[in-house]
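The following note collects several points for a colleague who has the structure at hand. Please read each point alongside the coordinates.

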2 protein chains.
Amino acid sequence: MHEFELISSITSDVSVGDDVTLGIGDDAAALRLTGDTVVTTDILVEGVHFKRQWSPARSVGRKAIAVNVSDVEAMGARPSAIVVALAFPKDLDQVWVAEFEAGVKEECARAGVSLVGGDLSSSPTVTVCVTAIGDLEGRLPVTRSGARVGHVVAVTGNLGWAGAGLVTLQRGFASPKEPVAEQLTPSVPYGQGVIASDRGATSMLDISDGLLGDLGHICERSGVGIDIDTSLIEIPDPVARVAAATGRNALAFVLAGGEDHALAATFPTEVLPEGWRRVGVVVSGDAVSVDGHPWDGAAGWDHFA
Amino acid sequence: MHEFELISSITSDVSVGDDVTLGIGDDAAALRLTGDTVVTTDILVEGVHFKRQWSPARSVGRKAIAVNVSDVEAMGARPSAIVVALAFPKDLDQVWVAEFEAGVKEECARAGVSLVGGDLSSSPTVTVCVTAIGDLEGRLPVTRSGARVGHVVAVTGNLGWAGAGLVTLQRGFASPKEPVAEQLTPSVPYGQGVIASDRGATSMLDISDGLLGDLGHICERSGVGIDIDTSLIEIPDPVARVAAATGRNALAFVLAGGEDHALAATFPTEVLPEGWRRVGVVVSGDAVSVDGHPWDGAAGWDHFA
């Protein structure tokens, strides 16, 4: 299949939102947004972010969209559109590409974003780069710098599942299924970013590298400390089962496991939006603590460590 | 160097435009645009779009920005901002990464765009993915579908240089220097997209795959033919020299050589904006012809052929 045929097959049945004034097929797409434009990009590389033997192509496509749209949610913006660049070996099975694109479209539908453009190239390494565009709709962005002492720290979405799923896959197992599914495609709490913003969130971010590590960015940017209260942390049942089976600390999956793409935010009051749960409080200081003490486990994920 | 240190060094001295309300350092950036948002993405892969032995890192960085911003120009939009994802082997020389980023910043300054975000990953294959955002500032996008019979076909920017430069490099030579420089980093006619739109361009595109091949997209989308008048085509001196030295057809470099990133547009009148030159006319039909006849040379570049 030649490049233009491939593009044609990918773009043949794309549905787009009302804010798309020009979709796929020109030098660029055009969007009519009502507020400031939010933009974020993520690159996913085979062997680094996914393994083809673990991740079906459809999961890779879904994950590429999910992790990127999650960053738009984290600004308190409405996700609007995405562009997807895909590079892959010339001899890659065309079914893989078709399934990848099906995953992209499936997750776009879940996230409420329009696929408005892309690029294709050959490459020895399967590589996906997604850029997501959001519409602040008149809101100010919720940054990492607005947390103040006394604010409540809360999360929405799954924590610990993706890390537990990774350990499961690394041991050669495919169950328990739920954590493995979360590792392959995180369940992003779509819509919660705007809700948090409208309910007064003072800082917010996407938890991609582990709760403690990412909350450290809020500490740094806001000039505060954050104390996590483990009595408020629920250990999901499947995460507990993986921890027990592997001799690992279940709490560590929840506090430091990466790739969950839950949202964390600070709120000025204890009355939280539905779906958000309190996990700690903003304190004076400059770092994240757990029950008042430094955490001694791994705090995140570094691609170059 | 760890990921966060690397990001910090890259983002330390970035200057941004007035339309950037939130720059690098959060989950996403935010832009305050005055018109519709234009978005386009390109992926550049080592061995496909550039070779490290030919292209200095600074040229790769510059080219990645140039080819992408060119697509924003082609819509008649003002280029506003870019995000850059870079994947590279863990053992890649850090000087390469630093020079790449210097090239990115240099071309951003030339193009008048702000670097507002990015992503880094390890990968066995050096891969760059750039997404550019433009502001239509109240204009309608200039698409590929507005060409009508009788309209003048015109171009601005260099044609044939990049193709001649590629042949020069393939033969192991580094001169003549100008075509080689154009192959390594095309000179995009920044600002001409908005000028063409304001002067009534009825269709426009970026010539990335060769003039004839890309004009074919206007024919297809506008339901017209285009006839190129070779008496209007200037053969640049360095292109003529490469053609003579390699026994190739100089006209073929100009008409079918890729990667120049000039702009082609159709205008309703013969009075063209400064910097634009007439090359042909829109006729009834459905394909591109040269002096009234089909062209028998290669018409473009297909990454999967």
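What distance separates the centres of domain 1 of chain A and domain 2 of chain A, taken over C-alpha atoms?

1. The model under discussion is predicted. In chain A, domain 1 covers residues 3-135 and domain 2 covers residues 152-290. Taken over C-alpha atoms, the centres of these two domains of chain A are separated by 25 Å. Their contact draws 21 residues from domain 1 of chain A and 21 residues from domain 2 of chain A.

2. Interface size deserves a separate remark, since it is often expressed as the accessible area lost when the parts come together. For domain 1 and domain 2 of chain A, the area buried between them is about 1,600 Å², with 60% of it on carbon and sulfur atoms. On the side of domain 1 of chain A, the residues losing the most area to domain 2 of chain A are A:W54, A:K63 and A:E73, which together account for 38% of what that side buries.

3. Across the interface of domain 1 and domain 2 of chain A, the rule finds one salt bridge. A:K63 forms a salt bridge with A:E259, and the closest N and O atoms of this pair are 2.9 Å apart.

4. The next point concerns a sheet of chain A. Six strands make up an open sheet with mixed pairing, in the order 8-10-7-11-9-12. Strand 8 (203-207) and strand 12 (288-290) of chain A are at the edges and have a single partner strand each, so one side of each lacks a neighbour in the sheet. From one strand to the next, the twist averages 25 degrees.

5. Within this chain, strand 9 (residues 225-228) and strand 11 (residues 277-283) of chain A run antiparallel and are joined by four bridges. A:I228 has A:G280, in strand 11 of chain A, as its bridge partner.

6. Finally, chain B superposes on chain A (RMSD 0.0 Å) by a rotation of 180 degrees with 0.0 Å of shift along its axis. This is the relation of a two-fold axis. Of the interface residues of chain B, 100% are also interface residues in chain A, so the copies meet through the same surface.

Notes:
Residues numbered from 1 in each chain as written. Chains lettered and ligands numbered in written order. Predicted model: local features only at pLDDT ≥ 70, side-chain atom pairs only at ≥ 80, totals over all residues. Heavy atoms only, no water. Pairing = 2+ DSSP bridges. Helix = DSSP H or I, 4+ residues; strand = E, 2+ residues; numbered from the N terminus. Axes fitted to C-alpha atoms, helices over the stretch in contact; angles between N-to-C directions. Least-squares fit on C-alpha atoms with pLDDT ≥ 70 in both. Contact = heavy atoms within 4.5 Å. Domains from an automatic or database assignment. Buried area = accessible area lost by both parts, 1.4 Å probe. Salt bridge = Lys/Arg side-chain N within 4 Å of Asp/Glu carboxyl O.
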